[in-house]
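This briefing covers a two-chain model, topic by topic. Please read it with the coordinates open.

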Amino acid sequence: MTAELTPIKTAAETGLAEAFIELRSRLANGVVAARREAAFRRFETQGLPHRRVEEWKYTDLRALMRDAKPLAGVPDAAAKARAKSAGSMFAAVGARRIVFVDGAVVPELSDLAALERGLKISSLADALSRGLPDVVARLGTAGPAEGDVAYALNTAFMGDGAVVEVGAGAEIARPLHLVFVYGSQRAAAVFSRSLVVIEAGASLTLIESHEGPDGVDYQVNTALDLIISEHARFSRTKVNAEGSAALHLATLSATIGANANVSDFAFLTGGQVVRNQLFVQCAGVGTTLNLGGASLLKGTQHGDTALLVDHTAGGCQGRELFKSVLDGASRGVFQGKIIVRPGAQKTDARMMTRSLLLSEGAEADNKPELEIFADDVQCGHGATSSALDDNLKFYLMARGIPERNAETLLIQSFVGEAIETIAHEGVRDALTAATLHWLAGRQ
Amino acid sequence: MALLEVKNLHVKVDDRDILKGLDLAVNSGEVHAIMGPNGSGKSTLAHVLSGKPGYEVTGGEVTFEGADLLELAPDTRAARGIFLAFQYPLEIPGVATMTFLRTAINAQRKTRGEPELSTPEFIKRVREQAAKLSIDLDMLKRPVNVGFSGGEKKRNEILQMALFEPKLAVLDETDSGLDIDALKVVADGVNRLRSPDRAMIVITHYQRLLNHIVPDIVHVLSKGRIVRTGGSELALELEAKGYAPYQDEAA
């Protein structure tokens, strides 16, 4: 008699399996279908990650994700109406807006007219249904995030998203804003996937915002595949202002060529459970990489930043600065790993994470790691967590500033140091305003 | 009644008695110097007057314009006209000096029930005072005290004092960390602010500051009490003889 070991599936795992069978029955066979199938098998063998999986140690998704919501349907008129004012915190930036509601692009809310020379924007759903080979080929095959479970789920279920290509030498001055809105009042799951390709010497400033209604426990799994060629410049600012009960899993899978300048900033205030993953590979020499973030959490919010920077080529400069402000019983997690491969000499990488704990109940978990296999590099990391500095507070109060205002100014200053790293002034101003708005909401 | 009256003040820090029955009366228009050896309680007095947490008053009283000072929060004291020039001004990354000055001056005005200063009026005042202290406007755009030299930090303190127009200014070891040129700029700044409507307490270990800011009255603080009071000539005597005689006296 043989005893067969069948791992017990959670309700969420079972729900995902059922949803995948249903999705597969609706889609045509082909390269994309095979890709989805392979990705789902990868998920099935691992299951939802839990605390014994080192990369997810502080974000036990198996416990935090109690069920799998049904895939979101086509947004109705009410959902689209709610999306009109979405992303308005960046109104002053004057960006070109592409709006996605419940995961699907909404052309009538998007500005696709008069694209700059060298800029191409299309819908991922469209590209997938037509099986466009150059899109399909570049969609996360053997990219830096390959192997991650959240990313595998995204590949299995990916719906719509933006495909953005900036041709060689094209410098796109006007920022592009991908506006993701959850418009439904009922909980569903959205899997959005975007692909951004910046060719040699080209440049683009990208804004990505995510928002939705409070109190609805919808689930967002979003991913961005980023391919940056040599001498290109790219910066992204991702704002997470999801509704108060939302689960948000986000993955960046970036491959960067030589002598490029790339920056990414994540601003987090929304959602109940959030994990922002950055998988970045510096594959060419002489690139400058700036990764940053500011998380402002309260209540029982859980915000996780997971970072993997892989230097496979030498002479790159990496700067990582992540800050979290934790109030109430919130929990801020940072896991960052820098790998310097053999031969990636003259790598200059510094990673810093700082947490400011505003209450007794807040928790910060910071785990910076360095894995260095080259012998001529400069690498460093640091992690701090502390309460507000009483001496600084006294200095401000001794100048006549009341206690609450002094605290606000100090928190603003703490967050400001991270926001200041963003090159675009309008984006910086928008995040500063959002920080003040969050601070005003503190009692 | 004096502007500031300190009567039989006893203060503990970390369970250690630091001030042990200090008496002091300061009138508007007067400049008092408080001198004493290290550990005599000079900075403790400055901090207690400005309301720094961590100091336990175990006896005595402090009144300012006749009202109990010790029950007021530091920001209220500032709004009522008490200014402490810090021995070690703190750095506040991410807050531009201009923003800080404006936030502070308007917070004080609000507490006093006065209207906020308009932007042009505020900028006019800052420019006027900054010029007198040779502070350039670029420095004011930088975060508070971040990357400032020792002299710049102290000049920034005096700039704040000039803008806030306090009734009582307490200068805690303002000469520390300054070379002679910087000392002169700071002292000139302080001297310009001497006024019949303003009192000053200059706390210092060394006599040299008092060559530049000549006090009306000099006190010697030793082991938590004022052990001798005299005119400005007392400072010279201390310079010549040192603090040793007073350390015995207070014992």
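Predicted model: local features only at pLDDT ≥ 70, side-chain atom pairs only at ≥ 80, totals over all residues.

Residues are numbered from 1 along each chain as its sequence is written, and chains are lettered from A and ligands numbered from 1 in the order in which they are written.

**Backbone with positive phi**

- Most residues other than glycine have a negative phi.
- A:Ala114 is not a glycine, yet its phi is positive, at about 50 degrees.
- The loop that holds A:Ala114 runs between β2 (104-105) and β3 (119-123) of chain A; helices (H or I, at least four residues) and strands (E, at least two) are DSSP runs, numbered from the N terminus.
- B:Glu165 also has a positive phi, near 45 degrees, and is a residue other than glycine.
- B:Glu165 sits in the loop between α6 and β9 (168-172) of chain B, and B:Glu165 counts as partly exposed because it has 16 C-beta neighbours inside 10 Å.
- B:Gly51, which follows α1(B), has a positive phi near 90 degrees.

**Chain B as a whole**

- Chain B contains 10 helices and 12 strands.
- The radius of gyration of chain B is 18 Å, close to the 18 Å that the globule rule gives for 251 residues, so chain B is as compact as a globular protein of that length. The radius is taken over C-alpha atoms, and the rule is 2.2 Å times the number of residues to the power 0.38.
- The C-alpha trace of chain B spans about 55 × 40 × 35 Å along its principal axes.
- Of the 251 residues in chain B, 43% are buried.
- Counting contacts in chain B between residues at least 6 apart in sequence, 73% join residues at least 24 apart; two residues are in contact if their C-beta atoms, placed from the backbone, lie within 7 Å.

**Contact between the chains**

- Chain B gives 21 residues to the contact and chain A gives 19 residues.
- On the side of chain B that touches chain A, α2 (74-80), β7 (92-96) and α3 (97-111) each supply at least two residues.
- α3(B) has the largest share of that side, 5 residues.
- By class, that side of chain B has 13 nonpolar, 6 polar and 2 charged residues. Ala, Val, Leu, Ile, Met, Phe, Trp, Tyr, Cys and Pro count as nonpolar, Asp, Glu, Lys and Arg as charged, and the others, Gly among them, as polar.

**Helix pairs**

- In chain A, α8 (residues 390-397) and α9 (residues 403-419) pack at an angle of about 120 degrees, with their axes 9 Å apart. Axes are lines fitted to C-alpha atoms, for helices over the stretch in contact, and angles run from 0 to 180 degrees between N-to-C directions.
- α8(A) and α9(A) are therefore oblique to each other; angles under 35 degrees count as roughly parallel, over 145 as roughly antiparallel, 65 to 115 as roughly perpendicular and the rest as oblique.
- Residues of α8(A) in this contact include A:Leu392 and A:Met397, which meet residues of α9(A) including A:Ala406 and A:Leu410.
- The contact of α8(A) with α9(A) has 6 nonpolar, no polar and 3 charged residues.
- In chain B, the axes of α4 (residues 119-132) and α6 (residues 150-164) come within 10 Å and cross at roughly 135 degrees, and α4(B) and α6(B) are therefore oblique to each other.
- B:Arg125, B:Val126, B:Gln129 and B:Ala130 of α4(B) make the contact with B:Leu159, B:Ala162 and B:Leu163 of α6(B).
- That contact of α4(B) with α6(B) has 5 nonpolar, 1 polar and 1 charged residues.

**Buried sites in chain B**

- B:Glu157 belongs to helix α6 of chain B and counts as buried, with 25 C-beta neighbours inside 10 Å.
- Leaving aside neighbours within four places in sequence, B:Glu157 is in contact with B:Ala85, B:Phe86 and B:Pro89.
- Helix α1 (residues 42-50) of chain B is mostly covered, with 8 of its 9 residues buried; among them are B:Lys42, B:His47 and B:Ser50.

Terms used: Buried ≥ 20, exposed ≤ 12 C-beta atoms within 10 Å, placed from the backbone.
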